[in-house]
Amino acid sequence: MTGSSQYLVEMKGIVKKFPGVVALDHVDFTVKPGEVHVLLGENGAGKSTLVKVLSGAYVADEGEIYIEGQRVSNISPEVALHRGLRFIYQEPSLVFDLDVARNIFLGLETFKGGFVDLRRIYRKAQELLQRMQVELDPRTTVRNLSITEQKLVEIARALATEAKVIVLDEPTDVLEHYARERLFAIIKRLKAEGVGFVYISHRYAEVYEIGDRVTILRDGKNVGTFTVQELSFEAMIEKMVGKSLKGQQRELPLPREAEALRLERVCLEGRLRNISFAVRRGEVVSITGLMGSGKTELAEVIFGVRPKTSGTIYIEGEAKDIRSPAQAIQCGIAFLPEDRRTKGLILDQTVRNNYGLPNLCRLSSRWGWIDFAAMDSEVDWYVRRLGIKLPHKFVLAGQLSGGNQQKLVLAKWLGTRPKVFLLDEPTRGIDVLGRREIYNIVSELARQGVAVVVFTSDYNEALEISHRILIMRRGELCQEFSRGEVTEDAVLKAAIGEVR
Amino acid sequence: MFSGVLQRFQRFQRAFQAILGLVLINIVFLVLSPTYRQIGNFQNIFAQATVLGIMASGSTVVLISGGLDLSVGSLLALIAVIVGTLLARGYAVWLCIVTGLLIATGIGCTNGLVVIGTGVPPFIVTLGMMMVLRGLAELVGAGKDLYSFPWSFRILGSGYTVPVSIMAAVYAFSSLFLTRMRAGFYAYAIGGNPEVARLAGVQVNRLRLVYYALGGFMAGLAAIVLTARLNFASSTFGQGMELNAIAAAVIGGTSLSGGIGGALGTIVGVLVMTCLSAGLSHLGIGSSWQRVAIGVIIVLAVWLDIAQRRRVLK
């Protein structure tokens with residue numbers, strides 16, 4: 001069976017499942033020659049997964065992939081490369097200590113008399129850069145280039161072997177304004193030569209600047225493919241965020257009077273400016289904003305992972321100088337990190353040992369003798385209470401599913417009886433059911449008088465579980481909403497700021 | 001329920017495997033060599049295992065915490081000549097021992113400070129210290145005849161009962177330390193993922209100092225037992241012993257990247273290496289072939305360990 005040959009790439013009905021979550025649900029996606037097709041969606045919508053299926057890093061459970069009309073059944077990185085697909089990710093994959101030309105032709109060198117034909121490499125690199133109208137000396141060491149220039153080198157590398165489709169994953173996340181213009185100019189030039197682009201982004205404004213078509217993913221489904229002309233900004237937002245379901249507004253317990261956490265004019269050099277807010281006992285506050293707005297940095301400052309450069313933090317009314325996680329924990333702060341696999345759990349260790357880690361001082365005598373019986377009973381209690389599914393008692397944390405891992409991280413911190421609980425993207429990579437359970441836990445925490453601060457880029461989530469929503473943009477708190485006085489797209493618009 | 005038992009077995013799997021290997025080796029030698037079968041042989045093996053065993057228990061703790069100390073062999077030599085010199089000068093035996101242990105612990109601590117303070121990988125720092133300490137040992141021991149020590153000192157190393165009791169005490173302590181004490185628990189965490197440990201409020205750097213210091217202490221204790229047994233002290237002691245100690249730990253299931261291992265496994269690893277040497281000697285096979293054999297065992301043991309871990313974490 002052949003696909004339509006008007007497309008460079010055609011993906012039909014792609015399904016990809018992971019334990020407990022359907023990452024891609026019958027997704028269709030096409031790329032035409034000479035177009036920039038923007039792939040848009042929130043975190044966890046499935047953009048990266050779709051690209052990984054295309055690159056061969058993941059194998060789809062169902063669905064077909066056609067490249068230039070021909071079915072490709074066993075796509076792998078080698079096959080993708082061979083067929084003209086090139087992938088440029090956020091992290092540069094360049095050898096920093098080699099120069100531009102050597103990087104462009106890495107793995108593609110030609111030889112002359114047993115030695116690498118350097119002259120040819122430099123010549124061809126120069127030609128390629130001229131074709132892209134990029135002014136770069138091919139002998140420059142990559143380490144000395146700016147980030148934009150490094151991205152351009154990667155694009156040159158993609159072209160060196162006649163790329164037909166170039167996939168750019170969040171290319172402008174680290175680029176300044178002028179650099180983006182440069183990148184866009186190159187993309188437009190290459191478009192004219194017939195190269196197709198897949199442009200993954202969460203920056204909505206860029207869709208109109210550079211895109212020809214847009215596909216919006218939400219919860220693993222393709223909710224629509226449109227030409228840029230026919231899609232209004234409001235429609236785009238609505239498709240990305242989705243309608244809020246009735247009954248989404250869960251009952252929240254009333255917050256108490258006493259203040260648990262207060263920040264006054266907290267600054268972090270270069271990242272945070274004049275952050276001031278307060279959270280009462282039993283209150284759930286969400287801090288939301290786009291990626292790069294400074295949410296994680298703020299969480300890290302409160303928890304002592306990074307020292308603040310100025311400002312004061314008060315816990316239960318007392319000013320505290322928090323310079324390390326150990327001090328933060330002593331003040332009654334708990335922190336659930338964004339990346340549970342590398343910062344939340346020790347994957348090689350058992351569930352019990354992971355639980356015990358922050359609670360060990362409490363569970364051992366002054367001389368250091370550990371009371372494992374007490375630890376075991378606490379672990380059992382939390383396993384039951386939070387509904388953590390363990391196949392057997394000696395499971396390693398790395399063997400649990402994402403949702404259960406997250407519950408384990410919650411359990412270990414709950415054991416420290418925190419007064420303030422910071423949660424950074426608590427439902428990332430977790431399926432709908434798992435999310436419900438975590439929201440229930442958050443409500444329960446609030447009921448017990450814990451001040452909860454949720455850092456999230458999921459606006460629906462913020463609306464569902466919090467009393468108040470604070471919007472961060474470029475390191476500052478710019479707006480505050482109370483629950484009930486706001487809708488999702490108002491939140492989103494505030495997070496974006498001015499729209500072009 | 002049955003799968004639970006299987007998983008519990010898997011946790012001690014590496015130690016069980018090492019024990020299996022130990023038993024197999026012994027069966028082979030018992031069958032092949034008549035002299036191996038004598039009781040005196042086994043007493044000898046245990047006595048021989050003591051010095052390496054003591055040192056290896058310290059290495060185990062350092063490895064579990066994600067660290068590495070290549071200087072303990074040279075440290076052993078330095079402590080040996082220091083203690084020998086003090087004994088030769090007529091100081092009280094207990095004073096010499098305590099001084100030696102304190103200096104050993106202090107040097108271990110110094111290694112830790114340099115590693116933490118400079119951020120240079122422990123491999124390099126302790127490699128450098130290995131040479132520094134060896135040089136110092138040669139300086140301290142130069143031109144001296146350090147032998148013929150008092151009986152009250154020699155008893156620590158002679159015969160079978162005393163050294164083995166010391167080793168047993170060391171392993172009892174290490175085992176308890178690692179399995180039931182807070183600092184030992186933290187060692188696994190720090191070796192497993194130091195960032196997670198730090199975020200959980202663990203004083204990572206302070207504890208790393210403790211582990212290096214412990215490794216130093218064990219090297220010092222090993223020095224004392226060795227000097228007592230041989231009744232002389234030389235700056236040539238312990239060459240390559242740090243590598244044997246690491247090998248013993250690895251054979252016993254301790255991972256070089258940290259977070260996994262235990263005292264039980266290490267003692268088995270020590271016995272594996274000692275039995276192998278003894279058995280090959282009884283069969284008339286020279287020390288060069290013994291080295292070949294041990295090298296092969298080490299690679300096999302680590303290969304097995306890596307292959308299993310890959311399977312478990314699928």
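**Reading the model**

Reply: A:Glu35 lies in the loop between β2 (21-31) and β3 (36-41) of chain A. Strands (DSSP runs of E, at least two residues) and helices (H or I, at least four) are numbered from the N terminus. Residues are numbered from 1 along each chain as its sequence is written, and chains are lettered from A and ligands numbered from 1 in the order written. This is a predicted model, where local features need pLDDT of at least 70, side-chain atom pairs count only at pLDDT 80 or more, and totals for chains, interfaces and linings use all residues.

Me: Is A:Glu35 buried or exposed?
Reply: Count C-beta atoms, placed from the backbone, within 10 Å of the residue's own: 20 or more others is buried, 12 or fewer is exposed, and in between is partly exposed. A:Glu35 has 21, so it's buried.

Me: Which residues is A:Glu35 in contact with, leaving aside its neighbours within four places in sequence?
Reply: Contact means that two C-beta atoms, placed from the backbone, lie within 7 Å. For A:Glu35, that gives A:Lys191, A:Gly196, A:Asp212 and A:Arg213. A:Gly196 is 161 residues away in sequence, yet 5.2 Å away in space, C-alpha to C-alpha.

Me: How many residues of chain B are in contact with chain A?
Reply: 25 of them, touching 23 residues of chain A. On the chain B side, α1 (2-11), α9 (182-192) and α10 (194-199) each supply at least two residues. The largest share, six residues, comes from α9(B).

Me: What covers the buried residues of α9(B)?
Reply: The cover includes α12 (351-359) of chain A, together with α3 (39-64), α8 (161-180), α10 and α11 of chain B. In α9(B), 10 of the 11 residues are buried, among them B:Phe185, B:Tyr186 and B:Tyr188.

Me: Which residues of α4(B) meet α11(B)?
Reply: They include B:Leu75, B:Ile79 and B:Val83, and among their partners in α11(B) are B:Gly216, B:Ala219 and B:Ala223.
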